[in-house]
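Hi everyone, thanks for coming.

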Amino acid sequence: MTHDLVPIDELDTLTLTGLEVFAHHGVFDFERADGQTFLLDLAVWLDTAPAAEGDDLAQTLHYGELAVEVSEAAASEPVDLIETLAERIATLVLAHPVARQVRVTVHKPDAPIPVPFADVSITIVRPRGRLRTANAEEAR
């Protein structure tokens, strides 16, 4: 069975939570100059049955490599909006053929908000074929 034949609601989910990245995203000049910590959470829908059946890492998504790829992409070229960063990450994840859908949450716990707060974040969900940004190579 190929990965694309399994309905989304029957797929498995790989999660990567609390990936910490220091980057220079933000609207304000001081955010770009000083940088800050961003926390990333990912959920990737995929069919892990072929990997499990053959105990074959090549048939699934290598979460260690994914963490490095996402971290590098998040720390690269600064953007104004965490929404833009989330799209960049979604594009990167969906460049993996086994990934069918991704949920990306970008947390900006040190955002320049003038009142006390615990966190601010954006969460997007992107199925394969619904990407709005440039191709995956640009996301890397």
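I'll begin with the overall layout and then stop at a few places along the chain.

First, some ground rules. This is a predicted model, so local features need pLDDT of at least 70 and side-chain atom pairs count only at pLDDT 80 or more, while totals for chains, interfaces and linings use all residues. Residues are numbered from 1 along each chain as its sequence is written, and side-chain values use heavy atoms, with hydrogens and water left out.

Now the layout. The chain has five helices and four strands. Here helices (H or I, at least four residues) and strands (E, at least two) are DSSP runs, numbered from the N terminus. Starting at that end, the order of the elements is β-α-β-α-α-α-β-β-α. Of the 140 residues in the chain, 41% are buried. By buried I mean under 20% relative accessible area; exposed is over 50%, and partly exposed is in between (1.4 Å probe, protein chains only). One more overall number concerns contacts, meaning heavy atoms within 4.5 Å. Taking contacts between residues at least 6 apart in sequence, 64% join residues at least 24 apart.

Let's go inside, to strand β2, residues 36-46, where we find Leu42. Is Leu42 buried or exposed? Leu42 is buried, at a relative accessible area of 4%. Leaving aside residues up to four places away in sequence, Leu42 touches Leu14, Thr15, Leu16, Leu66, Val70, Ile89, Val93, Arg103 and Val104. There is also a C-alpha separation of 8.8 Å between Leu42 and Leu19, which are 23 residues apart along the chain.

The axes of α3 (residues 63-75) and α4 come within 10 Å and cross at roughly 145°. For this, axes are lines fitted to C-alpha atoms, for helices over the stretch in contact, and angles run from 0 to 180 degrees between N-to-C directions. The α3 and α4 crossing is right-handed. A crossing gets that label if the near helix is turned clockwise from the far one by less than a right angle, and left-handed if anticlockwise. On the α3 side, the contact is made by Leu66, Glu69, Val70, Ala73 and Ala74, and α4 brings Leu85, Arg88, Ile89, Leu92 and Val93. What kinds of residues make up the contact of α3 with α4? They divide into eight nonpolar, no polar and two charged. In this scheme Ala, Val, Leu, Ile, Met, Phe, Trp, Tyr, Cys and Pro count as nonpolar, Asp, Glu, Lys and Arg as charged, and the others, Gly among them, as polar.

Next comes His96, in the loop between α4 (82-94) and β3 (101-107). His96 counts as buried, at 16% relative accessibility. Its side chain makes a polar contact of 2.7 Å with the side chain of Glu69. A polar contact is a pair of N or O atoms within 3.5 Å; within protein, one must be able to donate a hydrogen and the other to accept it, and residues adjacent in sequence count only if both atoms are side-chain atoms. Not counting residues up to four places away in sequence, His96 touches Leu61, Leu66, Glu69 and Arg128.

Over to Arg32, in helix α1 (residues 29-34). Arg32 is partly exposed, at 30% relative accessibility. Its side chain makes a polar contact with the Asp80 side chain at 2.6 Å, and a polar atom of the Arg32 side chain lies 3.4 Å from the backbone oxygen of Val79. Arg32 and Pro78 are 46 residues apart in sequence, yet 7.3 Å apart in space, C-alpha to C-alpha.

How many aromatic pairs does a search of the whole structure find? The search finds one. The partners are Phe28 and Phe30, stacked at 5.5 Å centre to centre with 5° between the planes. Rings of Phe, Tyr and Trp (its six-membered ring) pair if their centres lie within 6.5 Å; planes under 30 degrees apart count as stacked, over 60 as edge-to-face and the rest as tilted. Phe28 is partly exposed at 44%, and Phe30 is partly exposed at 45%.

My last stop is Asp55, in the loop between α2 (49-54) and α3. Most residues other than glycine have a negative phi. Asp55 has a positive one, near 50°. Asp55 is also exposed, at 74% relative accessibility.
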